[in-house]
Amino acid sequence: MIALTLDKCDVASVMADYVTIAYRYDARLTLFPTGDALTHKKMSENFRKCVTDLGYQIENFTYNKKDDYKLSDGELALQMWRQNITLSYLIGKDYKQHFYRPTNLYSACDQRTHYMVNEMGLLGIGGYTYNYDGQTLDSLMKTLENGNIYRFDMSQKSLTLFTQFID
């Protein structure tokens, strides 16, 4: 079993393509949208359906893509909380997220970030084993191993590689 994750999730047409392709292969995705993406008129209903109808997990990726390492303690807490509360409102119930994906590696190692993750009741930092960027289909295929986590985003390059990879 591997995990396929999508970051930002802020381009409606690309997001729809990912969901269509994943559905075709009976794959479930783990989404890391920003809170801004969750509130986008064209996408909010689709996020709700991803959770309620398709069984996707939606995890925390701040509210509006700010560099979380540079935020004050209060601003970081607000970014994380706002993303979660926006998702819960969208779903129509208290939605339990499991992971927080920081915007950069500095935050992943920052004790303050870990403290906030703990305070929100999250299980931990949501990292990934392989990023699509700089990869070819052959290089990704050679990494297929139980437990690996693959990160994709909303770029056309990423979608193209995802389409080949999931096939």
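Is Asp133 buried, exposed or partly exposed, and at what relative accessibility? I looked this up first, and Asp133 is partly exposed at 45% relative accessibility. I took buried as under 20% relative accessible area, exposed as over 50% and partly exposed as in between (1.4 Å probe, protein chains only).

Basis. The model is predicted, so I kept to pLDDT of at least 70 for local features and 80 or more for side-chain atom pairs, while totals for chains, interfaces and linings use all residues. Residues are numbered from 1 along each chain as its sequence is written, and side-chain values use heavy atoms, without hydrogens and water.

Salt bridges. I searched the whole structure and found eight salt bridges, each a side-chain nitrogen of Lys or Arg within 4 Å of a carboxyl oxygen of Asp or Glu. Asp133 pairs with Lys157, with the closest N and O atoms 3.3 Å apart. This pair links distant parts of the chain, 24 residues apart: Asp133 is in the loop between strand 6 (130-131) and helix 7, and Lys157 is in helix 8. Helices (H or I, at least four residues) and strands (E, at least two) are DSSP runs, numbered from the N terminus.

I then checked Asp153 and Arg151, whose side chains form a salt bridge at 3.7 Å, N to O. Asp153 is buried at 14% relative accessible area, and Arg151 is buried at 12%.

Helix 8. I listed the buried residues of helix 8 (residues 156-166): Ser158, Leu159, Leu161, Phe162, Phe165 and Ile166. Viewed down the axis, they fall within an arc of 165 degrees, so they line one face of the helix; the arc is that of the directions from the helix axis to the C-beta atoms. These residues pack against strand 1 (3-8), helix 1 (12-24), helix 7 and strand 7.

Core. The largest nonpolar core has 34 residues, and among those touching the most other members are Leu6, Met15 and Phe47. Such a core is a set of buried Ala, Val, Leu, Ile, Met, Phe, Trp, Tyr and Cys residues joined through side-chain atoms within 4.5 Å. Helix 1 gives the most to this core, with six residues. Beyond its neighbours within four places in sequence, Met15 is in contact (heavy atoms within 4.5 Å) with Leu6, Cys9, Leu31, Met43, Phe47 and Met154.
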